[in-house]
Amino acid sequence: MGDAVLLSKIQFAVSVGFHYLFPPLTIGMAWIIFFMQSMYLKTKNEQYDRMAYFWIKIFAISFVIGVASGVVMEFQFGTNWSEYSRFVGDVFGAPLAAEGVFAFFLESVFVGVLIWGKDRVSQKLYWVSSLMVAIGSTLSAFWIIVANSWMQTPAGYHVVNGRAELTNFFAAVFNPSTVPRYLHVIDGALITGSFFIMGISAYLLLKEREITFAKKSLKIALTVAVVASLLQLPLGHFHAVQVAETQPVKLAAYEGLFDTTAGAPLSLFGIPNAEAETTYLSVNIPKMLSFLVAGDTSATIKGLKEFPREEWPPLGITFQSYHLMVLLGIYFLAITVFGIFLLSRKKLYNNKTFLKVLMYSIPLPFLTNELGWIAAEVGRQPWIVYNVMKTNEAASIVVPGIQVLLSLVVLSLIYAILFSIWIFLLKRKLHVGVDEPVISGKQEEVTS
Amino acid sequence: MSLAVLQTIWFLLVAVLILGYAILAGFDLGVGNLHLLSNQKEREQNFYNIAPFWDSNQVWLLTGGGALFAAFPHVYATAFSGFYPALMLLLLAMIVRAAAIEFQHLLPEPEWKAKWDWGFGIGSIVASTLFGVAMGNVLRGLPLDSTHNFTGSFFGLLNPYSLVVGLLALTMFTLHGASFLVARSQGDLINKAKRWGSTTWKFFAVLFTTVTIWSYLAVPRLFENFFELPILWVLPFLVIAAIAYYPKALENENRWMPLLVSTINIAGLIGIVGASLFPNMIPAVPNPANSLTIYNASSTKLTLTTMLIIALLGVPLVIAYTTYVYRKLMKDYSQTGKLHKKANMGF
C-alpha cells in the first residue's frame, strides 16, 4: 500500500498546486474589477466600464480553470484520503459545506451575471454582481482556510471512538491559525491580482497600445499592490508569531534552528541538514528571531532537537520555500514603492525598464503563493492533522496504487493542457486588444 | 432534537441537494447529451443558453458533497474511495465540460469550436451515465467489510443492473435537456427539441419499467418501505403521471410545460431512490450488518445541529438570489430577442 500513499500525496500536491494558481488571482482581480465598476457608476466615465469589462474577460478565462480544478479538491478527500475523512469528517466537513452554502453559491450565481449578463441586466445589478463575486470568492477562501487551519492547529474537538468529534464549532472555526493565515492569504491574493493587472498594463504600454486605458489600469493596480505589499509585513509577521506559538517545530524548520537558543538569530540564508543537525552556509541576523517572535532579544526559541526526529518536517524544502517566499515578499514591496516614487515624479508610464520589470514580474506572486503553501503544508508533515493524525495513516485503504498512478497521470496531463490553453488564450486576448467584444449578446449586433 | 431526528433530517437535506443538482445541472447536462445532434448554429445557441448557469448549477453537487462529508463522513469516505476509477472519470468529464462551455466561444476558428463541441457532448454523456451507474450500485448494495470499506473491484461496479440504471439516468437528463431546449431555444431548434424529447421519452419509459421490474426481482428490499408506509407510493405515482403526461406537455402552448413535467419526474425518481434506501445509505451485500445507515454513518449531534443552523440560515438566501438572478437572466434575454438574432447570424 506504501506506493498508493506516496502517489496520493503526489496527486494531492499536483492538484492543489495547480488549483492554487487561480483562486488568488481571481480573488484579487474581483476586488479591482469591483472598484472599476464602482468608479464607472460614480463618474459615468466610459473608460472605467471598458476597463472593467476587459479585465472581466481575462478574469473569466482564469476563473473557469479555478472552478474546474477545484472540484477535484473536494472529491479527493474521499477518493484518496478516506481514512482521513472518516477520522475528521465530524469536524472538517462542516467548513466545506458552509463554503458551499455561504460562498460558492454567491460567487457562482453572480459570476454568471458578470461574465454573461452585461447586456441582460441593469447597470446597477451588474455592479452588485461584481461586488457579490468579490465577496463570494473572498468568503470561499475563508472556509477553505478554516478547514486547512484546523489541520494546522486543531481546536474545538476531542477524540472519541477513534475519531475527532466536534465540541465547539466556533473554537474549531476560529482555531489559533485561522485569522492570521486568512489575512495573509487574502493579502497575497490582492498582490497576485494587482501584479497581474500591472504586468499586462505595462505590456500594453510597452507595445504603445491602449495608452489611456493601460495607464489608468496600471495606476489602480499599482495603488492596490503597494498597499497590499506593505500590509504583508505586519500580516506575515502576525502569522509567523502564531506559528512560533502553536507549531514551534515548524518555526524551527523555517529558521533551520537545531538547538534551543536564548537570543535566537533570524536566518537569511542556509542549507539545513537533518543528518548533521546543522545549517550550512548560514547567514543570520543575531537575536533577531527572538526579538520578532517574542519582542525580547534574549527570548528562548525552541530548536528542532527539542522534538523527536520522526516529527521533523522535511527540512530542505520547508526552509527554502519559506525563505524564498519572504524574499519575494520583500521584492514586491521594493518594486511597488519604487513604482509609486516614479508615479509621483510622473515618470512611471515611460520608464521602459521598469515597465519591463513589471511585465516579467507577473509569474512571481503565483510562485510566492505556491511557496507559502508548500512551506505551510510540508512544514506540517509528518502530520496531516498536527499532533493528531499522521499523513501515512490517512490514505484510502481500498484504492490500489495502480489506480492512483493512472489518475495522477491523467490529471497531470489535463492540468498541463488547461495551463497551456490558459496561456494561449491570454496571449490571444492581449493580441486582439481591449475592445474586441467576446462575451455577451452585444457582440452579435456588432459583428453581424 | 434527538439524534435520530437530526439524522433523518440530514438524510432528507442531502437528498434535497442532490435533487437541486439533478434539476438544475440536469438541464445543462441534458443539453450537453444532445449537443452533438445539433447543427453549428444550434450549438452556439446551446452554449449561450446554459453558459450563465452551469457553474452555479454545479455548486449544488459540491455543496451536496460537502454536506455528505459533514453529515455522513463514512458514506462519503466509503463511496468516494470505493468508486475511485469511476469518480476520476467523472471529474475528468466535469473538467472538460466546464472548459468547453467557457472556452468554445473565445475563438472563431471552427476546429477550436469543434473540439469543445465534442468535449461538451461526450463529457455530458459520460457524467450523466456515471451518476446513474453509481446510483445503481448503491441501490443494489456494495460489498463492504466490517470497517465499512469497499471490498469489490472496479469491474464489479459495471454490473448489468447498474449499467441499466446508468442508461435510465442518461435518458432522464436527456429528457430534461430536451425539455429545457423546448422552453429556451429559438427557431427550428424548438421542433427538433420536441422530437428529441418525444424519442427520449419512449426510451425513458421502457428503461423505467425495466429497472422497476428488475429491482423487484433482484433487490426486493428496495420495496419494503413502500409496503410499510403506503403514502410513499405517491412518488412512483408522480413519475408515472409525468411519463404519461409528457407527450401532451410537448403539445402544450406553454413552452415551459415539458420542463415542468420533467422536473416532477426527476423529483419523483430521486424521491423513490431515497424512499427505497432509507434508513440505509449504502446497503452492504452479502452481509447487511455491514451496511452504512443514517445511524452508524453520521456525525455527532453537535455537528448535525450546527450544520442544520448553517443550512437554515444559508439555503433560503441561496434559493432567493438564485431565483432572482435566473429570472433576470432568462427573462430580459428572451424579451429582447437577441437570441433569435444570434441563431440566425451564422458564424
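Author: Let's start with chain A: among its contacts between residues at least 6 apart in sequence, 77% join residues at least 24 apart. Contact here means heavy atoms within 4.5 Å. Bear in mind that this is a predicted model, where local features need pLDDT of at least 70, side-chain atom pairs count only at pLDDT 80 or more, and totals for chains, interfaces and linings use all residues. Residues are numbered from 1 along each chain as its sequence is written, chains are lettered from A and ligands numbered from 1 in the order written, and side-chain values use heavy atoms, leaving out hydrogens and water.

Reader: What makes chain A as compact as a globular protein of its length?

Author: First, the inventory: chain A has 15 helices and eight strands, which are DSSP runs numbered from the N terminus (helices H or I, at least four residues; strands E, at least two). Its radius of gyration is 23 Å, close to the 22 Å the globule rule gives for 448 residues, so chain A counts as that compact. The radius is taken over C-alpha atoms, and the rule is 2.2 Å times the number of residues to the power 0.38. Along the principal axes, its C-alpha atoms fill a box of roughly 70 × 50 × 40 Å.

Reader: Why is Ser201(A) called buried?

Author: Buried means under 20% relative accessible area, exposed over 50%, and partly exposed in between (1.4 Å probe, protein chains only). Ser201(A) has 0%, so it is buried. This serine sits in helix H7 (residues 178-206) of chain A, and beyond its neighbours within four places in sequence it touches Trp55(A), Ala214(A), Ser217(A) and Leu218(A).

Reader: And how do you know that Pro73(B) counts as buried?

Author: Its relative accessibility is 1%, so Pro73(B) goes in the buried class. Pro73(B) lies in helix H4 (residues 73-82) of chain B, and its contacts beyond four places in sequence include Ser85(A), Arg163(A) and Leu68(B).

Reader: Why are H3(A) and H4(B) called roughly perpendicular?

Author: The axes of H3 (residues 46-80) of chain A and H4(B) cross at roughly 85° and come within 6 Å. Angles of 65 to 115 degrees count as roughly perpendicular, under 35 as roughly parallel, over 145 as roughly antiparallel and the rest as oblique, so the pair is roughly perpendicular. Axes are lines fitted to C-alpha atoms, for helices over the stretch in contact, with angles from 0 to 180 degrees between N-to-C directions. Among the residues that meet are Phe75(A) and Phe77(A) in H3(A), and Tyr76(B) and Phe80(B) in H4(B).
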